[in-house]
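Subject: Handing over the structure

Hi,

Here is the structure I promised to pass on to you. Please open it first, and then read my notes below.

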Amino acid sequence: GKGTWKVSPKGQLTLISDVRHHWLDIDLAGNFSGSHLKDFQRITPDGAKPAILTCGDFPFTVNRDGNIYYARWKPGRLEINRQSPEGTVSTMQLVGATNVAISGITGMASGPDGSLFVTDGNTLLKVTLAGRVSTLVDKVVVSDCPDDLPEPHLRGAPLAPFLRGLTVDSEGAVY
């Protein structure tokens, strides 16, 4: 609850920033190491590579193409924005049906081919850089997984599990 922590390979904890946002990603190439971006906070010093970015308002990922991708709360539809290190923002042109109603993006990660993996409550979507949307898993159900979100549920209690943090390995498997 005090900020952003670093855990060394030997397990040593170090507080690196008093910033404590929901979403964090590492810009390994340092494309954003000198950028001043709206909605994102860099918690590493100017010019530091890699650069660690955080956001308190919406899920995001730093993609291998050198851009940040993020999704703001847009009930009923999927909308993904792309932001360059220079601060230029554009909306991805999406094609294909998701076969599910979008209630709000809860997590996002980049895959080895640059595709985006996006969670919406208990659904996992894949979005290629060309904008093709496909549903990988629709309505994940784990019978012994209780809702772990604090009360009150402003939009009703979500079906468990409520997928949030995710990452993708070098083979494209999503965790």
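Which residue stands opposite Thr119 in β12? The residue facing Thr119 there is Leu124.

Before the rest, a word on the basis. This is a predicted model, in which local features need pLDDT of at least 70 and side-chain atom pairs count only at pLDDT 80 or more, while totals for chains, interfaces and linings use all residues. Residues are numbered from 1 along each chain as its sequence is written, and side-chain values use heavy atoms, with hydrogens and water left out.

**The sheet**

Strands here are DSSP runs (E, at least two residues), numbered from the N terminus, and two strands pair if DSSP finds at least two bridges between them. Four strands form an open sheet in the order β10-β11-β12-β13, with antiparallel pairing. At its edges are β10 (107–110) and β13 (133–137), each of which pairs on one side only. From one strand to the next, the twist averages 25 degrees (axes are lines fitted to C-alpha atoms, and angles run from 0 to 180 degrees between N-to-C directions).

β10 and β11 are joined by 4 bridges, and Ala109 stands opposite Phe117 in β11. Their hairpin has 5 residues between the strands, and Gly114 takes a positive phi near 90 degrees in it. β11 and β12 pair over 5 bridges; the hairpin of these two has 2 residues between the strands, with Gly121 at a positive phi near 65 degrees. β12 and β13 share 4 bridges, and Leu124 has Val137 in β13 as its bridge partner.

In β11, 5 of 5 residues are buried (buried means under 20% relative accessible area, exposed over 50%, partly exposed in between, with a 1.4 Å probe and protein chains only). Leu116, Val118 and Asp120 point one way from β11, and Phe117 and Thr119 point the other way.

**The cores**

A nonpolar core is a set of buried Ala, Val, Leu, Ile, Met, Phe, Trp, Tyr and Cys residues joined through side-chain atoms within 4.5 Å. The largest one has 13 residues, and those with the most contacts inside it are Leu78, Ile80, Leu116, Val118 and Val127. β11 (116–120) and β12 (123–127) are the elements that give two or more residues to this core. A second, separate core of 10 residues includes Phe40, Leu53, Phe58 and Phe60.

**The aromatic rings**

Rings of Phe, Tyr and Trp (its six-membered ring) pair if their centres lie within 6.5 Å; planes under 30 degrees apart count as stacked, over 60 as edge-to-face and the rest as tilted. The whole structure holds 4 aromatic pairs. Phe40 and Phe58 have ring centres 5.7 Å apart and planes at 85 degrees, so they are edge-to-face. Phe40 and Tyr70 are also edge-to-face, because their centres are 5.6 Å apart and their planes at 70 degrees. Tyr70 counts as buried at 3% relative accessibility, and Phe40 does so at 9%. Ring pairs join Phe40, Phe58, Phe60 and Tyr70 into a cluster.

**A buried Asn**

Do have a look at Asn63 in the loop between β6 (60–62) and β7 (68–70). Asn63 counts as buried at 4% relative accessibility, and its side chain reaches the backbone oxygen of Gly114 at 2.7 Å (a polar contact is a pair of N or O atoms within 3.5 Å; within protein, one must be able to donate a hydrogen and the other to accept it, and residues adjacent in sequence count only if both atoms are side-chain atoms).

Best wishes
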